Amino acid sequence: MGPNVLYHCPCLSTSSVPPPPHQISSSYSFHPLHELFFCEECDAVRCNRCVSVEVSGYYCPNCLFEVPSASVRAEKNRCARNCFMCPNCRNTLSVVPSDPPDAGDGRLLAPISTVGEPPFFLYCNHCRWDSSEVGITFEKPTGLAAQLQKLEDSAPDSLEFDRLKEHFEPIIRASSLSSSSTVPSTSHSRHHSNPITAAASAALARDIPGVGKYTPLTRSGRSSGKDRSANKDEMPEYKSRLDITKASAYGSGGGDVDVDFMRRLETVSEVASLDQRWTYSWSTSLETRDLKPLRIPLHSKHSKRCPACAHILIKPEQKAQSVRYKIKLVAANYLPAITVALPHQIEMLGHISAEATKRGTKSTAEDDRDTRGGLQAGKTYPFHMALTNPLYDPIQVRLSVQRMHVAPSGEGEKARRPPFAISIPTTPFSVAPFAEAWEYEDDEDMFALDDDELEARLSGREKEPKAKSKTVGVLEKRANVTVVGGEVALGKEARGEIKFNMLVAYTYRSDDPTPSEGHDISPSKKAVPETKTFAFYTVVDLGAIIPKDEDSRLEAYNV
Amino acid sequence: MAPIRDKFTIHSKAVVCQDVELKGDITIGSGSIVHPKATIFAVAGPIVIGSGCIIEESAVIVNRRREVMRIGDDNLFEIGCRVEAPSIGFFNTFSTRSRVHHTVRIGSLCVIGANCVLAPAEDDALPDYTIVYGPSAERRTWTGKGKIQEADLRRKHAEYLREMLPKFNRLRRGDGT
């Protein structure tokens, strides 16, 4: 993996200093920029691990029908409208009519009618599986869900589940009724249709010594606590419909049926693979020919909120087929994007690709790339960092390397952490604001130049004269990108990866008047521009170091 | 290497567009359709294409062996596919971007799925009704259900193309030498 820059999200921790990057455990808190969000209220970076996610809608990925959340539970998270999934390759099944009767001579006697002939069955276009292999056919091409419903309901698994539900429901009702007060306003502690919340509220109402009882919205001091705990432990015994040892005969898998099947096995393809089996709600039999078409499970669209202030960061559009967002507060719109590149690697790649096209071989190029373009211990390499400003105002950026505590691993070994020294420009530099391409008046042939520059770099010739030997500092400012150069000096005994934390602080002028200091809103229409500063940590990864003792092998490759 | 001598035998009912790259000894049967930008290279040995075949854009049919490459009737070579199989039956479908090596002999009524690579190390023969699908080119056998409808569809496809292609593309007529 080439050199890259990852951004640190503090994830609501109190210290904003990120962990040292060479530790393996610290990789959880560094993310690429495209995965981060930015909360405007708290002025903080949020990542996928710290945002709170809620479902904003359910839809079927096949027919793109938005399912209202009430029907989601009723349909058991599946599409109710003729969308089925092939059990073999998990593609969508389509309803096709059977072939017309074949005269046997290979020629079509009558034109095939457009409606087609019954019986209809489900057919997968991709792997040509069809439902007649498991014996499912339909008389009509529409309303398949209803036709299959009868079949599904009579399966022993769902019958068993219904029986379990019937068994537990009076118990839950009884315990929740006794724990809740008779005040009718307590809508949330009575008649819980969701057994999870019912169990949770029953647990909350449990009698714990030393702690006051949790009675929501009731008068305190109800004395029915003892009744509750006594009630909870008593439950009528449950008798299952089928004896579990014999249940495997009905296709639920496990037991003697599987053993017999394995004995008769001829080819591996007869056994259903794990990905084919695990989307089923219940455990099914192991044989491939027993796999039945499934209703397509629904997908959900999420909206994400900031954990601290509950501000919505991401809100997708309601329509299932649109991939855009109503609210989209992503970090890429607020934080400068940083990319890092090693110029000597790009030159080497250019050399190698030029040589490879001449020679027409590919195999040696890969070896050379690692060695000649790599980072060898004991040398000093420059690197370029390009910062792109997404805001419409210019920003002043200041970079600083976080001091890394390099600890030897002990036991007399050499220090495992690679000792290297980073020098980057520490004076603040500005990056121009983002504007449309035609607004950049001084770079009219900017894009044309890019191709030439690229070619020049790839063929090894530097466009700028070699006299410009400055490697540390601002190298180039172009449109809304500023390229700064830094240097990394590797020690002789360095090994491992070059990773260092870098603090990026940037100030920008914001036109928003802060509402907190408006004791009385002054009638001046001009918003007071103020400079705000935001700082975030990043980790810059320049790649792995090739240790010194491997250099003798490299000498053979070096031209 | 001996220069390739072009010898095209194109049936009068076949529709071969002008922009097709043909090389070598190629025979195209009646009713076959070759879209523009297709490539048929009979580099080392001749290629014989049956009737009713549809060869779409960017399809590459190459014969690098001395023996004749026989392609049966009513096959469909979709966009971007690359086929080198020495013998192909009838009613096969080579889906988009599929690749078939010269070690495989294809039977009839097979489907090579999209982006599948059939490149076994040693000589292999695909029996009839084999479906190759998935990223790892798994195979399974088709029961043959719906084959009449598919055959009908293939013929209608070919008929439609025979009508429409000449209206919008220049055709290559006769033998080129």
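Start by colouring chain A by contact range: among its contacts (heavy atoms within 4.5 Å) between residues at least 6 apart in sequence, 71% join residues at least 24 apart. Switch to chain B and the corresponding share is 16%. A word on what you have open: this is a predicted model, where local features need pLDDT of at least 70 and side-chain atom pairs count only at pLDDT 80 or more, while totals for chains, interfaces and linings use all residues. Residues are numbered from 1 along each chain as its sequence is written, chains are lettered from A and ligands numbered from 1 in the order in which they are written, and side-chain values use heavy atoms, leaving out hydrogens and water.

**The two chains**

Helices and strands here are DSSP runs (H or I, at least four residues, for helices; E, at least two, for strands), numbered from the N terminus. Chain A shows 11 helices and 23 strands, and chain B 1 helix and 21 strands.

Now colour by burial, where buried means under 20% relative accessible area, exposed over 50%, and partly exposed in between (1.4 Å probe, protein chains only). In chain A, 33% of the 559 residues are buried; in chain B, 50% of 177. For surfaces (Shrake-Rupley, 1.4 Å probe; for residues, only the protein chains shown count as cover), chain A exposes about 33900 Å², with 54% supplied by carbon and sulfur atoms. Chain B comes to about 8600 Å², and 51% of that belongs to carbon and sulfur.

**The cores**

Next, select A:Leu335, A:Met385 and A:Leu542: these have the most contacts inside the largest nonpolar core, which has 52 residues. Such a core is a set of buried Ala, Val, Leu, Ile, Met, Phe, Trp, Tyr and Cys residues joined through side-chain atoms within 4.5 Å. Strand β22 of chain A (residues 496-510) gives the core its largest share, 6 residues. Stay on A:Leu542 and show its partners: beyond neighbours within four places in sequence, they include A:Pro3, A:Val340, A:Phe383 and A:Ile498.

Then hop to B:Ala42, B:Val100, B:Leu126 and B:Leu165, which belong to a second, separate core of 44 residues.

**Two single residues**

Pick B:Leu161, in helix α1 of chain B. Is B:Leu161 buried or exposed? Its relative accessible area is 10%, so B:Leu161 is buried. Leaving aside neighbours within four places in sequence, B:Leu161 touches B:Ile33, B:His35, B:Ile54 and B:Pro166.

Over in chain A, click A:Ile327 in strand β13 (residues 325-328). A:Ile327 counts as partly exposed because its relative accessibility is 31%. Setting aside neighbours within four places in sequence, A:Ile327 is in contact with A:Ile312, A:Leu313, A:Ile314 and A:Lys315.

**Last stop: the largest cavity**

A cavity is a set of points, on a 1 Å grid over the protein atoms alone, where a 1.4 Å probe fits but cannot get out; lining residues have an atom within 4 Å of a point. The structure holds 4 cavities of 30 Å³ or more, a volume being the space filled by probe spheres set on the points, which are joined across faces, edges and corners. The largest has about 60 Å³.

Select its lining, including A:Arg128, B:Phe91, B:Trp142 and B:Glu150. Which helix gives the most to this lining? Helix α1 of chain B (residues 147-168) does, with 4 residues.

Conventions
1 Å grid on protein atoms, 1.4 Å probe; cavity = no way out; pocket = protein on both sides within 12 Å on 5 of 7 lines; lining within 4 Å.
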